[in-house]
Amino acid sequence: MGLNVWEVFADYAGVEFKSDVKKAIKASLYGTVNGLTAKGACVDLAKVIGDGPATKLVHHAVYKALREASKARLDWFLQEKKLVDAVGQEFELGPHVRGNTHRQQTYSAFANEEQSYEMAVLAPVFQYAKLSERTDRPVWVMGWLHDGLFIHCEPQFRDHHVKQIRRLIKVTSADLLGAEMDVDIDLPKSPLTPTQISTLRSLYASNPVKHEDFDFSALIPETA
(Lines give C-alpha, C1' and ligand atoms only; values in the text may rest on other atoms or scores of the structure.)
Protein backbone atom coordinates (compact mmCIF):
# COMPACT_ATOMS: atom_id res chain seq x y z
CA MET A 1 0.00 0.00 0.00
CA GLY A 2 3.03 2.26 0.03
CA LEU A 3 2.78 2.84 3.78
CA ASN A 4 5.60 2.71 6.30
CA VAL A 5 4.25 0.78 9.28
CA TRP A 6 6.48 2.66 11.74
CA GLU A 7 5.19 6.00 10.46
CA VAL A 8 1.63 4.72 10.79
CA PHE A 9 2.24 3.75 14.43
CA ALA A 10 3.92 7.08 15.19
CA ASP A 11 0.98 8.93 13.65
CA TYR A 12 -1.47 6.82 15.67
CA ALA A 13 0.42 7.64 18.87
CA GLY A 14 0.44 11.31 17.92
CA VAL A 15 4.21 11.78 17.88
CA GLU A 16 6.67 12.99 15.29
CA PHE A 17 8.31 10.24 13.30
CA LYS A 18 12.06 10.21 13.91
CA SER A 19 14.77 7.55 14.00
CA ASP A 20 14.71 7.19 17.80
CA VAL A 21 10.90 6.95 17.71
CA LYS A 22 11.04 4.21 15.08
CA LYS A 23 13.63 2.30 17.14
CA ALA A 24 11.50 2.51 20.29
CA ILE A 25 8.29 1.49 18.52
CA LYS A 26 10.06 -1.39 16.81
CA ALA A 27 11.44 -2.65 20.12
CA SER A 28 8.02 -2.47 21.76
CA LEU A 29 6.38 -4.33 18.89
CA TYR A 30 9.00 -7.07 18.81
CA GLY A 31 8.75 -7.32 22.58
CA THR A 32 5.00 -7.80 22.23
CA VAL A 33 5.57 -10.60 19.74
CA ASN A 34 7.86 -12.22 22.30
CA GLY A 35 5.43 -12.10 25.19
CA LEU A 36 5.54 -8.60 26.71
CA THR A 37 2.34 -7.40 28.30
CA ALA A 38 0.91 -4.00 27.38
CA LYS A 39 2.41 -2.61 30.59
CA GLY A 40 5.78 -4.17 29.84
CA ALA A 41 5.82 -2.85 26.27
CA CYS A 42 5.14 0.65 27.62
CA VAL A 43 8.16 0.90 29.89
CA ASP A 44 10.96 1.72 27.45
CA LEU A 45 8.61 3.11 24.82
CA ALA A 46 7.33 5.78 27.21
CA LYS A 47 10.89 7.00 27.84
CA VAL A 48 11.04 8.05 24.18
CA ILE A 49 7.51 9.10 23.21
CA GLY A 50 5.90 9.82 26.59
CA ASP A 51 3.46 7.94 28.82
CA GLY A 52 0.24 8.99 27.08
CA PRO A 53 1.32 8.18 23.50
CA ALA A 54 2.96 4.93 24.62
CA THR A 55 -0.17 3.75 26.44
CA LYS A 56 -2.28 4.61 23.42
CA LEU A 57 0.01 2.80 21.00
CA VAL A 58 0.30 -0.48 22.91
CA HIS A 59 -3.50 -0.73 22.82
CA HIS A 60 -3.54 -0.41 19.03
CA ALA A 61 -5.42 -3.29 17.35
CA VAL A 62 -2.18 -4.72 15.95
CA TYR A 63 -0.56 -4.84 19.38
CA LYS A 64 -3.68 -6.47 20.85
CA ALA A 65 -3.74 -9.09 18.10
CA LEU A 66 -0.06 -9.86 18.62
CA ARG A 67 -0.51 -10.26 22.38
CA GLU A 68 -3.36 -12.69 21.80
CA ALA A 69 -1.39 -14.64 19.20
CA SER A 70 1.69 -14.73 21.42
CA LYS A 71 -0.30 -16.09 24.36
CA ALA A 72 -1.97 -18.71 22.17
CA ARG A 73 1.41 -19.79 20.84
CA LEU A 74 2.85 -19.97 24.35
CA ASP A 75 -0.08 -22.06 25.58
CA TRP A 76 0.32 -24.37 22.58
CA PHE A 77 4.02 -24.98 23.24
CA LEU A 78 3.49 -25.54 26.97
CA GLN A 79 0.95 -28.19 25.99
CA GLU A 80 2.90 -29.83 23.13
CA LYS A 81 6.34 -29.33 24.73
CA LYS A 82 8.06 -29.53 21.33
CA LEU A 83 8.34 -27.52 18.13
CA VAL A 84 10.12 -28.07 14.81
CA ASP A 85 11.78 -25.17 13.02
CA ALA A 86 12.10 -24.41 9.31
CA VAL A 87 14.99 -26.83 8.76
CA GLY A 88 13.63 -29.69 10.85
CA GLN A 89 15.41 -29.05 14.13
CA GLU A 90 13.40 -30.02 17.20
CA PHE A 91 13.26 -27.91 20.35
CA GLU A 92 11.88 -29.64 23.41
CA LEU A 93 10.75 -28.11 26.68
CA GLY A 94 13.19 -29.12 29.39
CA PRO A 95 12.66 -29.49 33.14
CA HIS A 96 11.47 -26.48 35.11
CA VAL A 97 14.39 -25.41 37.25
CA ARG A 98 15.43 -22.18 38.92
CA GLY A 99 16.81 -19.72 36.38
CA ASN A 100 15.50 -21.84 33.50
CA THR A 101 11.73 -21.51 33.60
CA HIS A 102 9.41 -22.93 30.99
CA ARG A 103 8.57 -19.41 29.85
CA GLN A 104 12.25 -18.57 29.28
CA GLN A 105 12.80 -21.84 27.44
CA THR A 106 9.74 -21.23 25.32
CA TYR A 107 10.70 -17.80 24.09
CA SER A 108 14.26 -18.97 23.48
CA ALA A 109 12.85 -21.74 21.28
CA PHE A 110 10.61 -19.23 19.53
CA ALA A 111 13.60 -16.98 18.80
CA ASN A 112 15.45 -19.91 17.24
CA GLU A 113 12.38 -20.80 15.22
CA GLU A 114 11.99 -17.22 13.97
CA GLN A 115 15.62 -17.04 12.87
CA SER A 116 15.38 -20.38 11.08
CA TYR A 117 12.49 -19.09 9.00
CA GLU A 118 14.28 -15.81 8.30
CA MET A 119 17.21 -17.77 6.92
CA ALA A 120 15.05 -20.28 5.03
CA VAL A 121 13.08 -17.52 3.30
CA LEU A 122 16.29 -15.81 2.12
CA ALA A 123 18.28 -18.96 1.31
CA PRO A 124 17.16 -19.15 -2.36
CA VAL A 125 18.86 -15.82 -2.99
CA PHE A 126 22.23 -17.55 -2.54
CA GLN A 127 21.35 -20.17 -5.14
CA TYR A 128 20.18 -17.40 -7.44
CA ALA A 129 23.47 -15.54 -6.98
CA LYS A 130 25.43 -18.73 -7.61
CA LEU A 131 23.60 -19.38 -10.88
CA SER A 132 24.03 -15.76 -11.98
CA GLU A 133 27.81 -16.22 -12.09
CA ARG A 134 27.34 -18.15 -15.32
CA THR A 135 25.57 -15.24 -17.01
CA ASP A 136 26.51 -11.79 -18.27
CA ARG A 137 24.67 -10.17 -15.33
CA PRO A 138 26.12 -11.64 -12.12
CA VAL A 139 24.99 -10.56 -8.67
CA TRP A 140 26.91 -11.08 -5.42
CA VAL A 141 25.69 -11.44 -1.84
CA MET A 142 28.02 -9.11 0.05
CA GLY A 143 26.62 -9.30 3.57
CA TRP A 144 24.14 -11.31 5.64
CA LEU A 145 21.89 -10.02 8.45
CA HIS A 146 19.60 -12.98 9.20
CA ASP A 147 16.49 -11.09 8.09
CA GLY A 148 18.16 -9.23 5.24
CA LEU A 149 21.20 -9.07 3.03
CA PHE A 150 23.37 -6.78 0.94
CA ILE A 151 23.79 -7.46 -2.77
CA HIS A 152 26.04 -5.97 -5.42
CA CYS A 153 25.56 -5.96 -9.19
CA GLU A 154 26.13 -3.75 -12.19
CA PRO A 155 23.75 -0.75 -11.95
CA GLN A 156 22.03 -1.54 -15.27
CA PHE A 157 21.00 -4.98 -13.97
CA ARG A 158 19.77 -3.80 -10.57
CA ASP A 159 16.05 -3.71 -11.40
CA HIS A 160 16.26 -7.14 -13.00
CA HIS A 161 17.87 -8.71 -9.92
CA VAL A 162 15.57 -6.96 -7.47
CA LYS A 163 12.56 -8.24 -9.42
CA GLN A 164 13.86 -11.81 -9.40
CA ILE A 165 14.78 -11.72 -5.71
CA ARG A 166 11.34 -10.35 -4.83
CA ARG A 167 9.75 -13.18 -6.78
CA LEU A 168 11.90 -15.82 -5.07
CA ILE A 169 11.09 -14.54 -1.60
CA LYS A 170 7.36 -14.33 -2.32
CA VAL A 171 7.32 -17.92 -3.54
CA THR A 172 9.46 -19.25 -0.68
CA SER A 173 7.57 -17.39 2.05
CA ALA A 174 4.23 -18.52 0.64
CA ASP A 175 5.46 -22.12 0.75
CA LEU A 176 6.97 -21.90 4.26
CA LEU A 177 4.60 -19.46 5.97
CA GLY A 178 1.40 -19.56 3.94
CA ALA A 179 1.68 -15.85 3.12
CA GLU A 180 3.72 -13.89 0.61
CA MET A 181 6.40 -11.58 1.98
CA ASP A 182 7.60 -8.58 0.04
CA VAL A 183 11.09 -7.10 0.23
CA ASP A 184 12.06 -3.68 1.54
CA ILE A 185 14.71 -2.30 -0.77
CA ASP A 186 17.17 0.38 0.34
CA LEU A 187 19.14 1.67 -2.61
CA PRO A 188 22.52 3.37 -2.28
CA LYS A 189 22.42 7.14 -2.43
CA SER A 190 24.78 7.07 -5.39
CA PRO A 191 25.97 4.26 -7.68
CA LEU A 192 29.38 2.74 -7.14
CA THR A 193 32.18 4.32 -9.12
CA PRO A 194 34.10 2.21 -11.66
CA THR A 195 37.04 2.19 -9.23
CA GLN A 196 34.86 0.86 -6.40
CA ILE A 197 33.41 -1.81 -8.67
CA SER A 198 36.91 -2.83 -9.76
CA THR A 199 38.01 -3.07 -6.12
CA LEU A 200 35.02 -5.25 -5.23
CA ARG A 201 35.72 -7.53 -8.16
CA SER A 202 39.36 -7.86 -7.13
CA LEU A 203 38.41 -8.66 -3.54
CA TYR A 204 35.86 -11.22 -4.70
CA ALA A 205 38.33 -12.83 -7.10
CA SER A 206 40.95 -13.18 -4.35
CA ASN A 207 38.50 -14.47 -1.77
CA PRO A 208 38.74 -18.27 -1.38
CA VAL A 209 35.07 -18.45 -0.36
CA LYS A 210 32.79 -18.85 -3.36
CA HIS A 211 29.04 -19.26 -3.60
CA GLU A 212 29.69 -22.95 -4.29
CA ASP A 213 31.21 -23.22 -0.81
CA PHE A 214 28.17 -21.77 0.92
CA ASP A 215 26.54 -24.41 3.11
CA PHE A 216 23.20 -23.27 4.49
CA SER A 217 23.27 -25.93 7.22
CA ALA A 218 26.50 -24.41 8.57
CA LEU A 219 24.54 -21.39 9.69
CA ILE A 220 22.14 -23.39 11.82
CA PRO A 221 24.32 -23.62 14.99
CA GLU A 222 24.62 -19.85 14.90
CA THR A 223 20.91 -19.48 15.64
CA ALA A 224 21.48 -20.99 19.06
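1. A nonpolar core, as the term is used here, is a set of buried Ala, Val, Leu, Ile, Met, Phe, Trp, Tyr and Cys residues joined through side-chain atoms within 4.5 Å. Buried means under 20% relative accessible area, exposed over 50%, and partly exposed in between, with a 1.4 Å probe and protein chains only. The model is a predicted one, in which local features need pLDDT of at least 70 and side-chain atom pairs count only at pLDDT 80 or more, while totals for chains, interfaces and linings use all residues. Residues are numbered from 1 along each chain as its sequence is written, and side-chain values use heavy atoms, with hydrogens and water left out.

2. Overall layout. The protein has 8 helices and 4 strands; helices (H or I, at least four residues) and strands (E, at least two) are DSSP runs numbered from the N terminus. From the N terminus on, the order of elements is α-α-α-α-α-β-β-α-β-β-α-α. Of the 224 residues in the protein, 33% are buried. Contact means heavy atoms within 4.5 Å; among the contacts with a separation of 6 or more, 55% are between residues 24 or more positions apart. The protein exposes about 14200 Å², and carbon and sulfur atoms supply 55% of it. Accessible areas come from the Shrake-Rupley method with a 1.4 Å probe, and for residues only the protein chains shown count as cover.

3. The largest nonpolar core. This core has 19 residues, of which Phe9, Ile25, Leu45, Ile49, Leu57, Val58 and Tyr63 touch the most other members. At least two core residues come from each of helix H1 (5-13), helix H2 (19-33), helix H3 (38-49) and helix H4 (51-57). H3 gives the largest share, 6 residues. In soluble globular proteins, nonpolar side chains tend to be buried together.

4. Phe9 and the second core. With neighbours within four places in sequence left aside, Phe9 is in contact with Ile25, Leu29, Leu57, His60, Val62 and Tyr63. A separate second core has 13 residues, including Val125, Leu168, Ile169 and Val183.

5. Aromatic pairs. Rings of Phe, Tyr and Trp (its six-membered ring) pair if their centres lie within 6.5 Å; planes under 30 degrees apart count as stacked, over 60 as edge-to-face and the rest as tilted. The count by this rule is 5 aromatic pairs. Trp6 and Tyr30 make an edge-to-face pair, with 6.5 Å centre to centre and 65° between the planes. Trp6 is in helix H1 and Tyr30 in helix H2, so this pair ties together parts 24 residues apart in sequence. Trp6 counts as buried because its relative accessibility is 12%, whereas Tyr30, at 44%, counts as partly exposed.

6. The Phe9 pair. Phe9 and Tyr63 are also edge-to-face, at 5.6 Å centre to centre and 70° between the planes. This pair links distant parts of the chain, with Phe9 in helix H1 and Tyr63 in helix H5 (residues 61-80), 54 residues apart. Phe9 is buried at 2% relative accessibility, and Tyr63 is buried with a relative accessible area of 0%. Ring pairs link Trp6, Phe9, Tyr30 and Tyr63 into a cluster.

7. Thr32. This residue is in helix H2 and is buried, with a relative accessible area of 0%. Residues up to four places away in sequence aside, Thr32 touches Ala41, Tyr63, Leu66, Arg67 and Ser70.

8. Salt bridges. A salt bridge is a side-chain nitrogen of Lys or Arg within 4 Å of a carboxyl oxygen of Asp or Glu, and the count by this rule is 7. Asp75 and Lys71 meet in one of 2.9 Å, N to O. These two residues are separated by about one helical turn because they are 4 residues apart in helix H5. Glu90 and Lys82 form a salt bridge of 3.8 Å, N to O; Glu90 is partly exposed at 48%, as is Lys82 at 36%.

9. Arg166 and Asp182. In this salt bridge the closest N and O atoms are 2.9 Å apart. The pair links distant parts of the chain: Arg166 is in helix H7 and Asp182 in the loop between H7 and H8, 16 residues apart. Arg166 counts as partly exposed at 28% relative accessibility.
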